[in-house]
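Q: Could you walk me through this one slowly? I'm new to reading structures.

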Amino acid sequence: MTVAEAPSQPAKPGRTRTNPLWPTLAMPGIIWLLVFFLAPMYVVLAIVFGQVDPIFRTPVPVWNPLQWDATQFTYVLSRIGPGGAYGPALIRTGVYVLIASVLCLAIAFPVAYYVARLSGRWAGILLAALIAPFWISYMMRMLAWVNLLQDDGWVNRIASLGGLFDVRVHWLTGQPVVVVLGLVYGYVPYMILPLYAGLDRLPQSTLEAARDLGANRVASFWRVTLPMCRPTIVAAVLLTCLPMLGDYFTSDMLSASPKTAMVGNLINDSVQSPGQTGQAGAFVMLVLLATVLPMFYYVRVTARADEVST
Amino acid sequence: MRGPVAWWNDPWRPPRVLVAVTIGYLIWSLLPVLIAVLFSFNDGKSRTTWQGFSFRWYWGDETRSVWHDATLHQALWQTLKLGVIATLITVPLGVMLAIGIDRWRGRLPSGANMLMLVSFVIPEVLLAVALLFAITSLALPIGLGTSAQVVGLITFQIAYPAVLVRARLATIGNQYEEAAMDLGASPMQALRRVTVPMLFPAIFASTVLVFADVIDNFVLVRYLSGNSSTEPVSVKIYNTARAAPTPALNALATLLLAAALIAVTVGYLFYRRMTRGDATAGKGIAAFAGEA
């Protein structure tokens with residue numbers, strides 16, 4: 001067990017030496033993550049900053065960081081900038097994700113609040129119904145909407161009120177509304193559960209104190225409940241936002257049109273096209289940055305919340 | 001039993017808006033899926049017009065039903081295979097990782113914890129593309145197909161049991177383990193005979209969660225599938241949903257749904273039995289939904 005003894009820092013007085021059991025237990029998982037999570041990210045870097053084979057258009061990874069060539073990366077960056085070819089998709093992704101997150105919160109918060117705090121004896125059944133979408137495949141839920149939104153599907157039929165009006169909306173050909181609502185439909189369950197957990201844990205006594213001290217329902221909600229569950233809301237929004245940023249299949253299933261392409265679609269389209277692998281990698285790196293930074297923020301927020309609560 | 005008028009005038013009833021939003025949300029979230037399930041039993045080829053009840057798309061049709069069309073039942077088989085293999089490897093790995101980094105203090109384990117959390121939240125497509133690049137540009141012993149899919153799924157899911165088990169470890173504290181060691185148990189014995197039995201509900205719940213998550217997975221398994229023979233159900237649905245499919249696709253999706261629901265129900269009943277009389281374990285279905 002030399003693993004535990006390897007760090008040569010002198011044992012501080014009053015602190016027991018690390019038991020070699022714990023590193024032994026953690027090592028397989030840590031090695032797995034290093035090999036299959038961190039190392040592939042380095043491969044992406046080597047491809048992004050590598051060369052492209054001039055004949056076969058296949059990527060040639062360059063392993064030595066000193067020989068890295070930023071041509072592909074700057075190429076993608078230049079096309080992202082104002083007037084670039086990727087700009088619209090990036091802006092679209094931002095707008096879609098923003099609208100979808102706001103709608104998700106607008107649906108998820110009342111539902112979670114009701115189920116957690118007011119539903120009484122119905123809580124068990126309601127919670128089971130809220131969890132159910134987790135066990136239903138995302139693709140199946142999208143398939144359900146593909147069926148409903150066909151040209152002769154039920155949505156058009158209900159909208160035409162049994163033949164009263166002639167409604168022939170082609171829902172599935174590049175309608176931004178459908179894509180945004182699809183995102184909301186797909187990701188709302190992932191927001192409700194963390195919100196439910198946070199609202200369920202709010203101390204009832206604090207809220208009763210607020211009411212006793214003269215706050216009405218609205219005031220006690222606004223000045224006690226909401227501030228107390230702010231970390232939960234941040235967590236829930238991040239948990240739904242971040243997967244949405246990489247989403248391409250919702251747009252593919254519900255619109256299949258470049259008019260609603262998101263960043264995920266750009267990655268997905270360029271991964272398999274020859275010569276564009278490096279660009280896909282550059283996108284991966286950019287999205288990774290956009291993801292990891294809020295993540296660090298979230299960890300800091302929750303760490304502070306833990307300090308406050310203990 | 002009170003009448004609706006009395007309910008309406010009751011000053012203590014829950015706010016009507018919240019009730020309406022909740023009921024509306026539940027209908028909106030579940031009704032489309034129920035309709036899709038319903039149409040898997042349609043007698044005709046349409047997925048929008050009801051033409052009578054039959055099992056035609058399950059086994060009745062000689063060529064295009066799930067039972068007779070090899071590409072469809074292969075997809076289902078592949079999904080269940082990936083689910084079982086990935087879960088069996090992910091859960092022990094994640095549980096060990098959780099216990100290890102929870103008890104081991106220092107820079108390295110907290111770095112590992114951060115790495116694990118990042119792997120938990122990054123968009124799946126990033127991990128999928130990175131693994132695809134790694135597997136195609138390096139001479140690894142892992143080829144695209146089932147083995148690559150399993151590796152990808154484990155990497156993506158490993159944080160799940162780890163997070164749940166760490167939450168449970170925080171709830172039970174280490175006083176039981178210290179008591180065991182005061183009474184003469186070695187750390188290994190204390191772990192095996194005190195901590196692991198107490199962690200068992202969390203381990204079990206995470207097993208069911210990981211399984212349900214794996215059979216739902218789409219992005220990773222699509223990128224890492226070598227050819228159409230290793231495409232699971234989700235990829236099948238994605239590939240054919242917009243290309244005029246028959247209700248056999250609905251039938252396939254319904255079978256997957258049934259598998260997931262059976263796994264979860266059986267798991268939940270077991271979990272309830274297991275935690276009966278245990279005041280420290282979470283009660284009810286909430287604890288089972290991943291909030292230990």
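Q: Why does the span of helix H5 of chain B agree with what its 15 residues should give?
A: Bear in mind that this is a predicted model. Helix H5 of chain B covers residues 107–121, and at 1.5 Å a residue its 15 residues should span 21 Å; because its end C-alpha atoms are 21 Å apart, the two values agree.

Q: And which residues of H5(B) are buried?
A: The buried residues in H5(B) are Pro109(B), Ala112(B), Asn113(B), Met116(B), Val118(B) and Ser119(B).

Q: Switching topic: how many residues of chain A are in contact with chain B?
A: On chain A there are 77 residues in contact with 72 residues of chain B. Helix H2 of chain A, residues 21–48, gives the most to that side of chain A, with 19 residues, and by class the side has 63 nonpolar, 12 polar and 2 charged residues.

Q: What about the largest nonpolar core?
A: The largest nonpolar core has 166 residues, and Ala130(B) is among those with the most contacts inside it. Leaving aside residues up to four places away in sequence, Ala130(B) touches Pro40(A), Met41(A), Val43(A), Val44(A) and Val284(A).

Methods:
Residues numbered from 1 in each chain as written. Chains lettered and ligands numbered in written order. Predicted model: local features only at pLDDT ≥ 70, side-chain atom pairs only at ≥ 80, totals over all residues. Contact = placed C-beta atoms within 7 Å. Helix = DSSP H or I, 4+ residues; strand = E, 2+ residues; numbered from the N terminus. Nonpolar A, V, L, I, M, F, W, Y, C, P; charged D, E, K, R; others polar. Expected span 1.5 Å × (residues − 1). Buried ≥ 20, exposed ≤ 12 C-beta atoms within 10 Å, placed from the backbone. Core = buried A, V, L, I, M, F, W, Y, C linked by C-beta atoms within 7 Å.
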